[in-house]
Amino acid sequence: MSKNVNKVMIDPLETRQHLAADGLLQIKNIVADNRGRVIVAFDEAGKNFSKNTVRVFKAGPDGQLGNADDIRITAATLSYSPSTFKLTIKTKTDKNQVYRIRLEDDIRSVQGSNKLDGEFN
């Protein structure tokens, strides 16, 4: 004896949603060389790039990079390409000098003025 098999029905309880980014401006890639040239690629167009939002430091008198006596390198030039979303930073450093870059969250996306996502980059 065969049973009638009903077609399977799926009752969606909710619409499907894909995980989306949180809308913050994110860094996709960073390329740095040993002469103080850094290229930062973002995931979308950014704005507010200036010497106040992009800061370059070298080690201070104790020779340790990343502490309170680091010296800010003020002779840095910035150029931003809105078509490629790339920020180029050029500094006046000695060859093979160790340095660090600090990007402030006043850097915003052009769309929606979202802050730079510094937590997960």
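Strands here are DSSP runs of E, at least two residues long, and helices are runs of H or I, at least four residues long, with numbering from the N terminus. Keep that in mind for Asn96, which sits in the loop between strand 7 and strand 8 (99–103).

Two housekeeping points. This is a predicted model, where local features need pLDDT of at least 70 and side-chain atom pairs count only at pLDDT 80 or more, while totals for chains, interfaces and linings use all residues. Residues are numbered from 1 along each chain as its sequence is written, and side-chain values use heavy atoms, with hydrogens and water left out.

Back to Asn96. Its phi is near 70 degrees, a positive value in a residue other than glycine. Is Asn96 buried or exposed? The cut-offs are these: buried is under 20% relative accessible area, exposed is over 50%, and partly exposed is in between, with a 1.4 Å probe and protein chains only. Asn96 has 52% relative accessibility, so it counts as exposed.

Phe85 is another positive-phi residue that is not a glycine, at about 60 degrees. Phe85 lies in the loop between strand 6 (76–81) and strand 7. Its relative accessibility is 27%, so Phe85 is partly exposed.

Now the strand pairing. Two strands pair if DSSP finds at least two bridges between them. Strand 1 (residues 27–32) and strand 2 (residues 37–42) run antiparallel, joined by five bridges.

What is its strand order? It is 5-4-8, three strands with antiparallel pairing. Strand 5 and strand 8 are the edges, each pairing on one side only. From one strand to the next, the twist averages 40 degrees. For that number, axes are lines fitted to C-alpha atoms, for helices over the stretch in contact, and angles run from 0 to 180 degrees between N-to-C directions.

Inside that sheet, strand 4 and strand 5 are antiparallel over three bridges. Phe57 has Arg72 of strand 5 as its bridge partner. Phe57 also has a charge on its ring: the charged end of Arg100 sits over it, 4.2 Å from the centre. The test for that is NZ of Lys or CZ of Arg within 6 Å of the ring centre and within 35 degrees of the ring normal.

Stay with strands 4 and 5 for the loop between them. Gly60 is in the loop between strand 4 (54–58) and strand 5 (71–73). Gly60 is ten residues from Asp70 in sequence, yet their C-alpha atoms are 4.2 Å apart. Contact means heavy atoms within 4.5 Å. Beyond its neighbours within four places in sequence, Gly60 contacts Asp69, Asp70 and Ile71. At 11% relative accessibility, Gly60 is buried.

Aromatics now. Rings of Phe, Tyr and Trp (its six-membered ring) pair if their centres lie within 6.5 Å; planes under 30 degrees apart are stacked, over 60 edge-to-face, and the rest tilted. How many aromatic pairs are there? Two. Phe42 and Phe49 have ring centres 5.5 Å apart and planes at 45 degrees, so they are tilted. Both residues are buried. Ring pairs link Phe42, Phe49 and Tyr80 into a cluster.

Phe42 brings us to the core. A nonpolar core is a set of buried Ala, Val, Leu, Ile, Met, Phe, Trp, Tyr and Cys residues joined through side-chain atoms within 4.5 Å. The largest has 15 residues, and Val40, Phe42, Leu87 and Ile89 touch the most other members. Strand 2, strand 4 and strand 7 each give two or more residues to this core. Strand 2 gives the most, with three. In soluble globular proteins, nonpolar side chains tend to be buried together.

Take Ile89 from that list. Not counting residues up to four places away in sequence, its contacts include Gly36, Val40, Val54, Leu78 and Ile101.

Last stop, Thr91 in strand 7 (residues 86–91). Thr91 has 11% relative accessibility, so it is buried. Setting aside residues up to four places away in sequence, Thr91 touches Arg35, Gly36, Val56, Ile73, Ala75 and Ala76.
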